[in-house]
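This report goes through selected local features of one protein model. Please keep the sequence and the 3D view open while reading.

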Amino acid sequence: MSNELTDKAFWAGYWESKKDLAFNVPANYTFHKLLKNITEANKPASAIELGGFPGYFAIFLKKYFGLKTTLFDFYVHPKVLKEVLDANQLNDQDIAVIEGDLFKYQPATEYDLVLSCGLIEHFNDTKGIIEKHLSFLKPGGTLFITLPNFTGVNGWVQRNYDLNNYEKHNINSMNPALLANYCKELELKNVEAYYYGKFSVWLEDKANKPALAKAITKLVWVAGKVVTKIIPFESKLLSPYIVVTATK
């Protein structure tokens, strides 16, 4: 079985189907509180975002915390990247870009912070892809990984109304206890893995989905938001993300 659940053709089609990719990344971008805590506590000077095209988190860390950032991905769409950089008043000199195969690439540089947001769940060998992150990480550096949680309500939406997208994900990887164990087996320190976010559901390429799928997803979204506003909590059932942090 191939380790990768996606290929370049998938990602080319994925990014070309997306609209409004070029926007000004805000100071309250996704995971901003967690990343602020990491930068304030650990004072990283450099960071690399793995599998992060078009580089929103590399841009976020550059713009708001002044880190020297690099974007690494298997597929980089030059036109989209330029548009995203322009929207953030940046150019190709501000964010370093590496296009390559993560499992074949040998890093020439180590970084204070290595992050990926929505990467590891696209591989069958979860421990192997986590271990690959470590080849980019300095001793004492911070690992920050996030992935979607498709084991609760959001997974039900994906499975029923976007099965093609659902099948591009390794659902078994979406287990905080398993992820924490892998990190400990890799001799990482200060390991934390947990569900994150109050509630959300979504559909990829929403505009082209059937009206019924969009209506049910919206109904589920509203109901979940009401519940978690009354009783806010993070859980396997309702949280949209899983977060892993550790130090090397």
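Phe31 is located in the loop between α1 (8-17) and α2 (32-42). Helices (H or I, at least four residues) and strands (E, at least two) are DSSP runs, numbered from the N terminus. The model is a predicted one: local features need pLDDT of at least 70, side-chain atom pairs count only at pLDDT 80 or more, and totals for chains, interfaces and linings use all residues. Residues are numbered from 1 along each chain as its sequence is written, and side-chain values use heavy atoms, with hydrogens and water left out.

**Backbone features**

Most residues other than glycine have a negative phi, and most peptide bonds are trans. Phe31 is not a glycine, yet its phi is positive, at about 70°. Is Phe31 buried or exposed? Phe31 has a relative accessible area of 5%, so it is buried. Buried means under 20% relative accessible area, exposed over 50%, and partly exposed in between (1.4 Å probe, protein chains only).

Asn190 also has a positive phi, of about 50°, without being a glycine. Asn190 belongs to strand β6 (residues 189-196) and is exposed, with a relative accessible area of 58%.

The peptide bond between Phe53 and Pro54 is cis, with omega about 10°. Pro54 sits in the loop between β1 (46-50) and α3 (56-65).

**Salt bridges**

A salt bridge is a side-chain nitrogen of Lys or Arg within 4 Å of a carboxyl oxygen of Asp or Glu. How many salt bridges does a search of the whole structure find? The search finds six, including those in the table.

| Salt bridge | N to O distance |
|---|---|
| Glu83 and Lys79 | 2.7 Å |
| Asp86 and Lys82 | 2.9 Å |
| Glu185 and Lys127 | 3.0 Å |

Glu83 and Lys79 both belong to helix α4 (residues 78-87), where they are four residues apart, about one turn of the helix. Glu83 is partly exposed, at 35% relative accessible area, while Lys79 is exposed, at 55%.

Asp86 and Lys82 are likewise both in helix α4, four residues apart, about one turn of the helix. Asp86 is partly exposed, at 43% relative accessibility; Lys82 is exposed, with a relative accessible area of 52%. The pair of Glu185 in helix α8 and Lys127 in helix α5 ties together parts that are 58 residues apart in sequence. Glu185 is partly exposed, at 48% relative accessible area, and Lys127 is partly exposed too, at 28%.

**Packing of two helices**

Two packed helices are described by the angle between their axes and the distance between the axes. Helix α5 (residues 126-134) packs with helix α8 (residues 176-185) at an angle of about 50°, and their axes are 10 Å apart. Here α5 is therefore oblique to α8. Axes are lines fitted to C-alpha atoms, for helices over the stretch in contact, and angles run from 0 to 180 degrees between N-to-C directions. Angles under 35 degrees count as roughly parallel, over 145 as roughly antiparallel, 65 to 115 as roughly perpendicular and the rest as oblique.

**A surface residue**

Ile231 lies in the loop between α9 (211-230) and β7 (241-247). Its relative accessible area is 51%, so Ile231 is exposed.
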